[in-house]
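Welcome! Here is a short briefing on how two chains meet, followed by a look at one residue inside one of them.

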Amino acid sequence: MDTLPDHDLILRARRGETEAFGELVHRTQTAVFNVCYRLLGERREAEDLAQETFLRAWERLHTFDVERPFLPWIRRVAANLCLNHLPARAPDFPELDDERDRANPESGPPQLVEGRQQTEQVRVALLSLPPRYRLALELRHFQELSYEEIAQTLNRPLSDVKSDLFRARKLLKSALGTPKSPDFGD
Amino acid sequence: MTHLSDDLLNEYLDEALARESRTAAESHLAACPDCSARLAELRALFADLGSLPDLPLEVDFAPLILARLEQNAPLPRPVRWLTVVQAIGAVLAAVLAWPLAETMLPAWNLPPLQNISSALANSLLQTVSDFRFPKLVFDLPSLNLDLPTTTLTVTILGVALLWLVANGLLLIPRSRRTS
């Protein structure tokens, strides 16, 4: 089963072979979890939403175009699920403390430490953004959707998508403490 | 010199500019250190996001997902037996309800079945042109019941009880019945 291409696994899963779907879960679960984590910022919640993503995908597998790659599709399902979940959750909070404890950025060779600290800074800065800006960055930078595709996914005007994305980048740059360059407006 | 706007720099890096605008932007960037510096900052931000590694997953979802999918798989044996019980309950309810229906509904003046079949046998067109719906005599149900009141009450309660039990079980979500 683990040697079969995604395409074959999807066809088998559509016929009701749960084992084939299990292999697809195995292959894509880290990516799906990370989509949820980047949007929610909380490991337990991200794990729950990632599982919900796969259950949703199983129900909607018949709508998936098997000629297209599976990973982008499942990642988009995850983003949509988080998008619907965000308004219902508790007030936004970037809680990364437990993650910092797990991968202590202060330990290891200096170059590695620096790299980890940089990664940690980006992650914290990302999670400090309002959810809508996080979502714009997720869809553009991590899922590599075009402006039009993001607008379609979020069912929002193209101008709003661009505005959110550019504003998100500005806020992220500011959160990362990048030296301020002259602002020439929009 | 008019500097490039932030939006234009964003669109430039997103490769969302039309060819002409892109060429114009490149010409400006080649001659303007300020805009080049702003572009470099934005490019660095893109690189930061692009190099963000995936967090490792601490649990394997596959067995959890499969277990949850199994819950919605074919019903287990006890639930299938429950369905048989429900069916028997429904039939029993219908049998109990029959005397009640007979009492409350007047007899229908239907023509004999053989008359209808012979009429149908003549020809399709003839049947279609000549067919008349049999006159149905239907009076509103009267309350002149022959059954003693107690028998009627017991019958109604029995039917209602069976109906509630049978349909109540059917209405329980499958996920709860299987868990």
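Buried area is the accessible area (1.4 Å probe) that two parts lose on being put together, summed over both. For chain B and chain A of this predicted model, that area is about 3,800 Å², with carbon and sulfur atoms giving 63%. Leu49(B), Leu52(B) and Leu55(B) supply 18% of what chain B buries against chain A, more than any other three residues.

**Ground rules**
- This is a predicted model, where local features need pLDDT of at least 70 and side-chain atom pairs count only at pLDDT 80 or more, while totals for chains, interfaces and linings use all residues; side-chain values use heavy atoms, leaving out hydrogens and water.
- Residues are numbered from 1 along each chain as its sequence is written, and chains are lettered from A and ligands numbered from 1 in the order in which they are written.

**The interface**
- In contact (heavy atoms within 4.5 Å) are 34 residues of chain B and 48 residues of chain A.
- Eight salt bridges (a side-chain nitrogen of Lys or Arg within 4 Å of a carboxyl oxygen of Asp or Glu) link chain B and chain A.
- Lys173(A) and Glu41(B) form a salt bridge, with their closest N and O atoms 3.2 Å apart.
- By class, the side of chain B that touches chain A has 18 nonpolar (Ala, Val, Leu, Ile, Met, Phe, Trp, Tyr, Cys and Pro), three polar and 13 charged (Asp, Glu, Lys and Arg) residues, the others, Gly among them, counting as polar.

**Thr53(A)**
- Beyond residues up to four places away in sequence, Thr53(A) touches Val32(A), Cys36(A), Ile74(A), Val77(A), Ala78(A) and Leu81(A).
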